[in-house]
Amino acid sequence: MIRNRPAHRNYRVPPNVRFEVDDVEQDWTYHQPFDYIHCRFMGNAIRDWPRLHKQCFEYTAPGGWAEFIDLDLRWTSPDGSLKAEHAGMKFNELFIKASHQANIEPCPGLYLEEWMKDAGFTDVKAEKFVWPVGTWPKDKDLKERGAWNYLQIMEGLEAFTFALFTKQLGYSKAEVEVICAKIRSEMKDPKLHIMFHLHVAYGQKPAAASAGTS
């Protein structure tokens, strides 16, 4: 027997969970601090990272934790297979240049630990992980990670590129499409071993610290 469920109820959301849509770069106005704050993959979306970390610290409950996960988008290769003349390398350099021109940090992963400490978090730990592009790694986990990363890059090139390249670098839509086509063609080469890095940083607000909303 099939029972019709009320359309307004979402049975996948626990009763103690509430979603709020807001601009994380505006002043936070939450009425209570959080035991855990998680921020992931916000590169090229945040203009003032130190301020974001300070607001996270302010709204973390004393003794609570915050965790940041983000990328260092500088492409490289472990064996030198990615060279300066490759379309991918030229694209990556232009992407970083355009991001900086827009006053956006494309590689926030490099600075997460520093920003957390400056905000006041203690017991800060930082980890760095290889983020391959493609299935070239021999390691099973890295191979799977690389396959998903390859897919999201291949499918998202235009989304990553159009606004930055046209507004910051003056490229035409047609020129951006040519760049994306060259990268897609090049990345199909199994001898090209592209990778970048993912950074994780997490820390605790001292138990003696006062909450931002107290």
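**Entry 1. Terms and overall layout**

I take helices as DSSP runs of H or I with at least four residues, numbered from the N terminus. By that reading, H53 lies in helix α1. The model is predicted.

I began with the whole chain. The protein chain has five helices and four strands. I read the order along the sequence as β-α-β-α-α-β-α-α-β. The C-alpha atoms fill a box of roughly 60 × 55 × 40 Å along the principal axes. The chain has 214 residues, and 37% of them count as buried.

I then checked how far contacts reach in sequence. I took the contacts between residues at least 6 apart; 74% of these join residues at least 24 apart.

I listed the partners of H53, skipping residues up to four places away in sequence. H53 touches F68, L112, W115, M116, A119 and F121.

I searched the whole structure for aromatic pairs and got 11. I followed W28 through two of its pairings.

With Y30, the ring centres are 5.6 Å apart and the planes stand at 80 degrees. An angle over 60 degrees counts as edge-to-face, so the W28 and Y30 pair falls in that class. W28 is buried, at 11% relative accessible area. Y30 is partly exposed, at 24%.

With Y59, the centres of the W28 and Y59 rings are 5.8 Å apart. Their planes are at 50 degrees, so I logged this pair as tilted. Where do W28 and Y59 lie in the chain? W28 is in the segment before β1 (34-40). Y59 is in the loop between α1 (49-58) and β2 (60-76). The two residues are 31 apart in sequence, so the pair ties together separate parts of the chain. Y59 counts as buried, with 6% relative accessibility.

**Entry 2. A charge over a ring**

Which residue lies over the face of F57? I found K205 there, at 4.8 Å from the ring centre.

Two packed helices are described by the angle between their axes and the distance between the axes. I looked up α2 (residues 87-101) and α4 (residues 140-168). Their axes come within 9 Å and cross at roughly 60 degrees. I therefore recorded α2 and α4 as oblique to each other. The crossing of α2 past α4 is left-handed.

I noted the residues that make the contact. On α2 they are F91, L94, F95, A98, S99 and Q101. On α4 they are L157, F160, T161, L164, F165 and Q168.

**Entry 3. α2 against α5**

I repeated the look-up for α2 and α5. Their axes are 9 Å apart, and the helices pack at an angle of about 135 degrees. That makes α2 oblique to α5. α2 passes α5 in a left-handed crossing.

Which residues make the contact between α2 and α5? A87, G88 and F91 come from α2. I179, K182, I183 and E186 come from α5.

**Entry 4. I179 in α5**

I picked I179 from that list. I179 sits in helix α5 (residues 173-186). I179 counts as buried, at 17% relative accessibility.

I left aside neighbours within four places in sequence and read off the contacts of I179: F91, F165 and Y171.

**Entry 5. N92 in α2**

Last, I checked N92, which is found in helix α2. Is N92 buried or exposed? N92 has 4% relative accessibility and so counts as buried.

Beyond residues up to four places away in sequence, N92 touches L73, R74 and W75.

Technical notes
Residues are numbered from 1 along each chain as its sequence is written. This is a predicted model: local features need pLDDT of at least 70, side-chain atom pairs count only at pLDDT 80 or more; totals for chains, interfaces and linings use all residues. Side-chain values use heavy atoms; hydrogens and water are left out. Rings of Phe, Tyr and Trp (its six-membered ring) pair if their centres lie within 6.5 Å; planes under 30 degrees apart count as stacked, over 60 as edge-to-face and the rest as tilted. Buried means under 20% relative accessible area, exposed over 50%, partly exposed in between (1.4 Å probe, protein chains only). A charge sits over a ring if NZ of Lys or CZ of Arg is within 6 Å of the ring centre and within 35 degrees of the ring normal. Axes are lines fitted to C-alpha atoms, for helices over the stretch in contact, and angles run from 0 to 180 degrees between N-to-C directions. Angles under 35 degrees count as roughly parallel, over 145 as roughly antiparallel, 65 to 115 as roughly perpendicular and the rest as oblique. A crossing is left-handed if the near helix is turned anticlockwise from the far one by less than a right angle, and right-handed if clockwise. Contact means heavy atoms within 4.5 Å.
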